[in-house]
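Let's take a walk through a protein model together. Have a look at the picture first, and then we'll go through it piece by piece.

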Amino acid sequence: MIIKKIILQNFRNYTKQEIILSNNENIFYGNNAQGKTNILEAIFLCSFAKSFRTKKEDELIQFQKEKAFVEIQYEKSDREGKISLEITDKKTFFINGVKVKKLSELLGKVNVVMFSPDNIEIIKEGPAKRRKFLDMLISQLKPSYIYNINLYTKALEQRNIYLRQIKYENKPVEMLEIWNEKLAELGEKIFIERKQTVEKLRNKLQEIHPEVTEEKEKIKIEYKSSCENKDEYLRELEKIEKIDIQRGYTNLGIHRDDFEISINERPVQVYGSQGQQRTSILSLKLAEVEVIYEEIGEYPILLLDDFMSELDEKRRMKFVSTIKKNQVLITCTDKINIENGKSFYVEEGNVRQ
Ligand SMILES: Nc1ncnc2c1ncn2[C@@H]1O[C@H](COP(=O)(O)OP(=O)(O)O)[C@@H](O)[C@H]1O
Ligand SMILES: [Mg+2]
């Protein structure tokens, strides 16, 4: 898919801006703090309904203004569409002018894969970052997934509250079963989706990684869960009931799941060199692109923030040669040459082609 046009009004440091994109490469270059990443953020918002850098609506609205407006006009293989977003103290989305009532209506409309220097977190940091990566990918492929995640999160909160009521208010332990059942049912659904998605990623990774590294590294990705099926999970939950009550929170469930990337059978988080960690992320992101394409039949738009700063010349060339089929938006400080597309100079909230 491609984005044709971006409209920004009172969004971050943009007062009024229209950007008509190339279907191929789009380079946004300029000094720091001029508004390059803000453009990617606007697209990301229309895709995932949230920003990658803030939870607060008012930060998105230009200083001294009351509301912001963002519009993304796009084209898929069989249709055109537009997502509009009004930001006040809350966000209101419209698809082709019709107000969005449920988040699941919006997710999956604008398919993007974002790639930023922060992505290294997926490898270096804890499981929460990896679950987030998976959950966001799946939510694009299957918008109803996020609904189950939200239900699970609520059930988990309620179970945790009840655990503390058992401890401090002597509420009956038996009632815990209601929450166990809920968690088990939703957890199993979420587990299945995540496990399948990791398997799809694995297949793609194994094709892509040898190309990226030009070496014979064997890469693997594996989903790790302690609750693979409902009945077993329920039994395990009962076993650790006392510990849960003692601690006042739920110690077992898909909210603790993780995945591991390994190279030549060793976890890259622990044993990988800096270079191996970076190429793993690169391969993972390229695998994400291919999984989206395979699932929905559209190539996602690539958003590469400060991308060039992260990779050496060789990896950069490799990357650029593998992404010919996608529309790409790249932000960087120095103007780089492109074969096919547009360059935009960004300065103080103004974009000039
Ligand atoms: N709500 C806002 N109103 C006005 N300016 C903002 C707002 N939020 C961020 N900015 C400005 O946007 C700039 C940062 O934009 P960003 O896209 O991150 O820069 P870069 O070009 O380095 O990617 C800073 O100058 C910051 O002051
Ligand atoms: Mg930036």
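This is a predicted model: local features need pLDDT of at least 70, side-chain atom pairs count only at pLDDT 80 or more; totals for chains, interfaces and linings use all residues.

Residues are numbered from 1 along each chain as its sequence is written, while chains are lettered from A and ligands numbered from 1 in the order in which they are written.

The chain is assigned domain 1 (1-111 + 298-353) and domain 2 (120-296), with bounds that come from an automatic or database domain assignment. Their C-alpha centres are 28 Å apart. Where they touch, domain 1 puts in 15 residues and domain 2 puts in 17; being in contact means that two C-beta atoms, placed from the backbone, lie within 7 Å. On the domain 1 side, α13 (313-322) gives the most, with four residues. Helices here are DSSP runs (H or I, at least four residues), numbered from the N terminus.

Now look inside. The largest nonpolar core has 74 residues, and I6, A42, I43, C46, V70, I72 and L303 have the most contacts within it. Take I72: leaving out neighbours within four places in sequence, its contacts include I3, I6, I43 and V110. Apart from this core lies another, of 16 residues, including W179 and Y233.

Next, find L237 in helix α8 (residues 230-239). Is L237 buried or exposed? L237 counts as buried because it has 24 C-beta neighbours inside 10 Å. Beyond residues up to four places away in sequence, L237 touches N180 and L252.

Finally, the ligand. Ligand 1 is surrounded by 16 residues, the closest being N13, A33, K36, T37 and N38; a residue is counted here if its C-beta atom, placed from the backbone, lies within 6 Å. Helix α1 (residues 36-48) provides the largest share of this shell, three residues.

Key
A nonpolar core is a set of buried Ala, Val, Leu, Ile, Met, Phe, Trp, Tyr and Cys residues joined through C-beta atoms within 7 Å. A residue is buried if 20 or more other C-beta atoms lie within 10 Å of its own, exposed if 12 or fewer, and partly exposed in between; C-beta atoms are placed from the backbone. Helices (H or I, at least four residues) and strands (E, at least two) are DSSP runs, numbered from the N terminus.
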